[in-house]
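Q: I have just opened this entry and have not seen it before. Could you take me through it step by step?

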Amino acid sequence: MRYLTDRKRAVGKGASGSGTEHFWWMTMSSVALAFLVPAFIFVFGHAIGMSQTELQAYFARPFPAILTALVTIVGMRHFAKGAQVMLEDYTQGSLRKGLVIFVYSLSWLVSALVLYALAKMMFLAAAAQQITN
C-alpha cells in the first residue's frame, strides 16, 4: 500500500517557489529590453556601411560596445528563460531536459561569441591606434 501525504502529492505541482522570481525576471528584462533595443537599433544602424577599420573604431568606443554587450546578455537570458517556459509547457521527460539544456547552451554560446567579437574589435582598434601614434 502506498501512503502519500498531501504535501508529497503537491510537490512539483503548482507554485514551486520559483514562479514569482521567474515572472519578475521576465518583466524586468522585458522593460530593460524595451529601452535597450531602440538605442541598439540606432547605434547598429549608424554602423551600417562603415569599412572594417571604421567599424572597429566605432565599436571600440564605450557606448556602442557597452550597449551591444547589454543587449546581448539581457536578450539572450530573456530568450533562454522564455524558451524554457515554452518547452516546459509543451514537452516532458528527457526531451524536456535536453531541450532546456540546449536552449541555455545556445544562449550562452551566442553571448560568448558576441562578447568575444566586441573584445577583439576593441583590442584591434587599440593596437591600430598605437601603431599610428
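Q: To begin with the rings, how many aromatic pairs does the count come to?
A: The model is a predicted one, and in it the count comes to 3 aromatic pairs. One of them joins Phe23 and Trp24, whose rings lie 5.9 Å apart from centre to centre, with 75 degrees between the planes, and this pair is edge-to-face.

Q: And what about Tyr58 and Phe59, how are their rings arranged?
A: The ring centres of Tyr58 and Phe59 are 5.4 Å apart and the planes stand at 85 degrees, so this pair is edge-to-face. The cut-off for that class is an angle over 60 degrees.

Q: Are Tyr58 and Phe59 buried or exposed?
A: Both Tyr58 and Phe59 are buried. In the chain of 133 residues, buried residues make up 25%.

Q: Let us step back. What does the secondary structure of the chain come to?
A: It comes to 5 helices and 0 strands. Along the sequence, the pattern reads α-α-α-α-α.

Q: How do the axes of H4 and H5 cross?
A: Helix H4 covers residues 62-90 and helix H5 covers residues 93-132; their axes come within 9 Å and cross at roughly 175 degrees. That crossing makes H4 roughly antiparallel to H5, because an angle over 145 degrees counts as roughly antiparallel.

Q: Which kinds of residues make up that contact of H4 with H5?
A: The contact of H4 with H5 divides into 19 nonpolar, 5 polar and 4 charged residues.

Q: Next, a residue in H5: where does Val114 sit, and how far is its C-alpha atom from that of Ile73?
A: Val114 has its place in helix H5. The C-alpha atoms of Val114 and Ile73 are separated by 9.2 Å, and the two residues are 41 residues apart along the chain.

Q: What about Leu33, buried or exposed?
A: Leu33, which lies in helix H2, is buried: its relative accessible area is 15%, and buried means under 20%. From C-alpha to C-alpha, Leu33 and Val71 are 7.0 Å apart in space, although 38 residues apart in sequence.

Q: Changing topic, how much space lies in the largest pocket?
A: About 260 Å³ of space lies in the largest pocket.

Q: Which residues line the largest pocket?
A: The lining consists of Ser18, Gly19, Glu21, His22, Trp25, Lys81, Gln84, Val85, Glu88, Asp89 and Tyr104. Helix H2 (19-47) and H4 are the elements that give two or more residues to this lining.

Q: Which helix gives the most to that lining?
A: H4 gives the most, with 5 residues.

Q: Finally, how do the lining residues divide by type?
A: The lining of the largest pocket divides into 3 nonpolar, 4 polar and 4 charged residues.

Technical notes. Residues are numbered from 1 along each chain as its sequence is written. This is a predicted model: local features need pLDDT of at least 70, side-chain atom pairs count only at pLDDT 80 or more; totals for chains, interfaces and linings use all residues. Side-chain values use heavy atoms; hydrogens and water are left out. Axes are lines fitted to C-alpha atoms, for helices over the stretch in contact, and angles run from 0 to 180 degrees between N-to-C directions. Helices (H or I, at least four residues) and strands (E, at least two) are DSSP runs, numbered from the N terminus. Angles under 35 degrees count as roughly parallel, over 145 as roughly antiparallel, 65 to 115 as roughly perpendicular and the rest as oblique. Ala, Val, Leu, Ile, Met, Phe, Trp, Tyr, Cys and Pro count as nonpolar, Asp, Glu, Lys and Arg as charged, and the others, Gly among them, as polar. On a 1 Å grid over the protein atoms alone, a cavity is a set of points where a 1.4 Å probe fits but cannot get out, and a pocket is an open set with protein on both sides within 12 Å along at least five of seven lines; lining residues have an atom within 4 Å of a point. Grid points are joined across faces, edges and corners, and a volume is the space filled by probe spheres set on the points. Rings of Phe, Tyr and Trp (its six-membered ring) pair if their centres lie within 6.5 Å; planes under 30 degrees apart count as stacked, over 60 as edge-to-face and the rest as tilted. Buried means under 20% relative accessible area, exposed over 50%, partly exposed in between (1.4 Å probe, protein chains only).
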